[in-house]
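Subject: Structure handover

Hello,

Here is the structure I promised to pass on. Please open it first, then read my notes below.

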Amino acid sequence: MKRILLLFSAALTGIISLPAQVRPVTYRISAGNIDLKAADTYPQKVLKVLERSDTLIRIELSAFPPVADTVRRGLTKTAPYLPGYAWPDSVARYLEPTALIRSDSPRIKAIADTLFTGDETLAIDVIRKGLEFAKNYLTFDLQLAMELDAGRCTTLPVDSILDRRKGTCSEYTNLFIALMRHKGIPTRMAVGYVYMPQSDVEGSHAWAECYLKGYGWFTVDPQNAVLWFPQGVIKLFHGKDFIDCNIRTLPDMYPVKIRIIDGQ
């Protein structure tokens, strides 16, 4: 998926040293396809829809890294782990298995039975274990990344991922989401674009969002096993899986062009 898959890990270095408050950045974005509802979710806000046709959407969007929101950030440390909780339907749908993310797979259950001790009381503890497992279990597959970016294939289902033990950001995310749903944490896939011109990093990326009681949707990156993103990670889609994001192949959103018009 362009340069992002090779360089994003390096771009994350030093993220914890971000200042306590970061001013939102305003972007002008054009793409072949954007889910406006997904793009207009915390910590992003769609300011204007400048153009919309069957082949192009152009918007202005403001965003900031949620790690800079010190009040809400503290809630992630105390959010309880609530397996079996009666979530509203809008959240509970992200507990359901799909053809790509079979959270009810016997193989996922076997991994979860070994990975989790059963005495986890905080959601963040379950999330951290899932992130570390996905990162350590898989290795990055450059050839698959090139095939995905060219639109010659789509993301792989969880059982294939477990067999191959390698993948791209979307395969790391599929595996992580399967574990979280199996453990009762509503988790959805996010797909978007990373634009960090100061680090010469640009390209598509997939990650996950876990729902925490009292906080809402919490962004995590299974490929890199990190809890927070730096400035420049822009969500354009979300859903139960890649297909539910309404993306058949990655080129559906191309060409993506981003320009900073206000901010850092």
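A disulfide is a pair of cysteine sulfur atoms within 2.5 Å. The structure holds zero of them. The sulfur of Cys169 has its closest cysteine sulfur in Cys245, 12 Å away, which is too far for a bond. Cys169 is buried, at 0% relative accessible area. Cys245 is buried too, at 1%. Here buried means under 20% relative accessible area, exposed means over 50%, and partly exposed lies in between (1.4 Å probe, protein chains only).

Some ground rules. This is a predicted model: local features need pLDDT of at least 70, side-chain atom pairs count only at pLDDT 80 or more, and totals for chains, interfaces and linings use all residues. Residues are numbered from 1 along each chain as its sequence is written, and side-chain values use heavy atoms, with hydrogens and water left out.

Next, the core. A nonpolar core is a set of buried Ala, Val, Leu, Ile, Met, Phe, Trp, Tyr and Cys residues joined through side-chain atoms within 4.5 Å. The largest one has 70 residues, and Ile127, Phe176 and Val191 touch the most other members. Another core lies apart from it, with seven residues, including Ala190 and Phe229.

Now a helix pair. Helices are DSSP runs (H or I, at least four residues), as are strands (E, at least two), numbered from the N terminus. The axes of α5 (residues 106-115) and α9 (residues 169-182) come within 10 Å and cross at roughly 70 degrees. Axes are lines fitted to C-alpha atoms, for helices over the stretch in contact, and angles run from 0 to 180 degrees between N-to-C directions. The pair is therefore roughly perpendicular (65 to 115 degrees; under 35 is roughly parallel, over 145 roughly antiparallel, the rest oblique). On α5 the contact (heavy atoms within 4.5 Å) is made by Ile108, Lys109, Ile111, Ala112 and Leu115, and on α9 by Leu175, Ala178, Leu179 and His182. Thr114 is also in α5. Thr114 is exposed, at 69%.

Last, the backbone. Most residues other than glycine have a negative phi, and most peptide bonds are trans. Which bonds are cis here? One joins Tyr42 and Pro43, with omega about 5 degrees. Another runs from Tyr254 to Pro255, with omega near -5 degrees. Ala225 has a positive phi of about 55 degrees. Asn246 has one of about 65 degrees. Ala225 is buried, at 17%, whereas Asn246 is exposed, at 57%.

Best wishes
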